[in-house]
Amino acid sequence: MLFREDNVARADADAIRKGVGFYRWTHDIVEITGKDALEVLQKIYISNISKVAVGRSKYTASLDENGEIIDDVIVMHMADGLYWVSDLYGPRLLPWIEKHKGTADIQTKIITYDWDMYAIQGPDSINAMNAMLDKPIDELKRFGICERKIGDIPVYIHRSGFTGENGYEIYSAFDKSAEIHNLALKAVEAVGGRELQTLEVYVRSIPMEKGFALKQDFKHLSPYECGLGWAVIKISLVKRQHWRVKNIRNIVWSVLNFHVNQQKISPSGSVYTGTVWKSAAVHRQSTAIQSTKTLVLPPSALTYPMVRS
């Protein structure tokens, strides 16, 4: 819970927006290897993974049999025949791959506890990164991956993040995590940054402030309803469900009701958590679904504008 007078939370937010913030955070990481790794990734994700070169990553999503989003992920092409998938639910991804891989020759495993990740985010993040690494990374493009060292410890650097600011992720062997923490924090503080203390700031309020969707926002929605239609290609699992995705791509949802369950005060205003009832006509039949949303609204707001991000 965030409060308007929470000076620590405000300092954390200001660090990311105005300078540089540092925090430890990672989703589950699933490693996929084998000669057919690309074939399987092409089958289960909506984007064209074949265009992701070694040393690059891709934001994409997987769909269920109804053409609705299961999860949005980052697919990282680490080496020939070696991919990492940054996924919110790694233990769910493995059986999904197993179900749809067919006779493909691949190996999968969760490596979340083999590799640790630290995020360096904010306008001054590049200065902090160059201060801690053995070689500068000024030429690393968005969604690029490279190998460097912090001290004598090999790391992967991924230019990405979930803050809406320029930022980087540091992946290191898990048993080197404490050393990486100390060396990275020293570099961050040297350029005026800080280690973030408030989970709610960097997991929810910072990304939501920039309009980034959280997993809860995708429930019952197709890629087209979430603004991810640009990423859809007609292949394999997606192709088999494309008729359904195509038929619901132009849905306009009408909000029926927003019932406020709880109100909190945050540095950015009044935050209302409640239940949204919305309806739409699908194949000439009226459909209503229920979901929970967290909104930042002025206290006088009486309506809820449904925004697709």
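Axes here are lines fitted to C-alpha atoms, for helices over the stretch in contact, and angles run from 0 to 180 degrees between N-to-C directions. Helices (H or I, at least four residues) and strands (E, at least two) are DSSP runs, numbered from the N terminus.

Now the ground rules. This is a predicted model: local features need pLDDT of at least 70, side-chain atom pairs count only at pLDDT 80 or more, and totals for chains, interfaces and linings use all residues. Residues are numbered from 1 along each chain as its sequence is written, and side-chain values use heavy atoms, with hydrogens and water left out.

Let's start with two helices. α1 covers residues 7–18, and α6 covers residues 199–209. Their axes come within 11 Å and cross at roughly 55°. That makes α1 oblique to α6. On the cut-offs: angles under 35 degrees count as roughly parallel, over 145 as roughly antiparallel, 65 to 115 as roughly perpendicular, and the rest as oblique. The crossing of α1 and α6 is right-handed. A crossing is right-handed if the near helix is turned clockwise from the far one by less than a right angle, and left-handed if anticlockwise.

Who touches whom? Contact means heavy atoms within 4.5 Å. From α1 we have Ala9, Asp12, Ala13, Ile16 and Arg17; from α6, Val201, Tyr202, Ile206 and Glu209. The residues of that contact split into six nonpolar, no polar and three charged. The classes: Ala, Val, Leu, Ile, Met, Phe, Trp, Tyr, Cys and Pro are nonpolar, Asp, Glu, Lys and Arg are charged, and the others, Gly among them, are polar.

Next, a sheet. Five strands form an open sheet, ordered β3-β4-β5-β2-β6, with antiparallel pairing. Two strands pair if DSSP finds at least two bridges between them. β3 (56–63) and β6 (107–110) stand at the edges with a single partner strand each, so one side of each has no neighbour in the sheet. Neighbouring strands of this sheet are turned by 25° against each other on average, direction ignored.

Zoom in on one pair. β4 (residues 69–79) and β5 (residues 82–87) pair antiparallel over five bridges. Histidine 77 has tyrosine 83 of β5 as its bridge partner. Helix α2 (residues 37–44) lies across β2 (28–33), β3, β4 and β5, and runs at about 30° to β5.

Now the rings. Rings of Phe, Tyr and Trp (its six-membered ring) pair if their centres lie within 6.5 Å; planes under 30 degrees apart count as stacked, over 60 as edge-to-face, and the rest as tilted. By this rule there are nine aromatic pairs. Take tryptophan 84 and tryptophan 115: centres 5.1 Å apart, planes at 55°, so the pair is tilted. This pair links distant parts of the chain, with tryptophan 84 in β5 and tryptophan 115 in β7 (residues 115–121), 31 residues apart.

On to another sheet. Six strands make an open sheet in the order β8-β9-β10-β7-β1-β11, with mixed pairing. β8 (145–150) and β11 (194–195) are its edge strands, each pairing on one side only. β9 (residues 153–158) and β10 (residues 167–173) pair antiparallel over four bridges. Valine 155 has serine 172 of β10 as its bridge partner. α4 packs on this sheet, touching β7, β8, β9 and β10, and its direction makes about 30° with that of β10.

Last, α4 again. α4 (residues 125–132) packs with α5 (residues 177–190) at about 130°, axes 8 Å apart. That makes α4 oblique to α5. Their crossing is right-handed.
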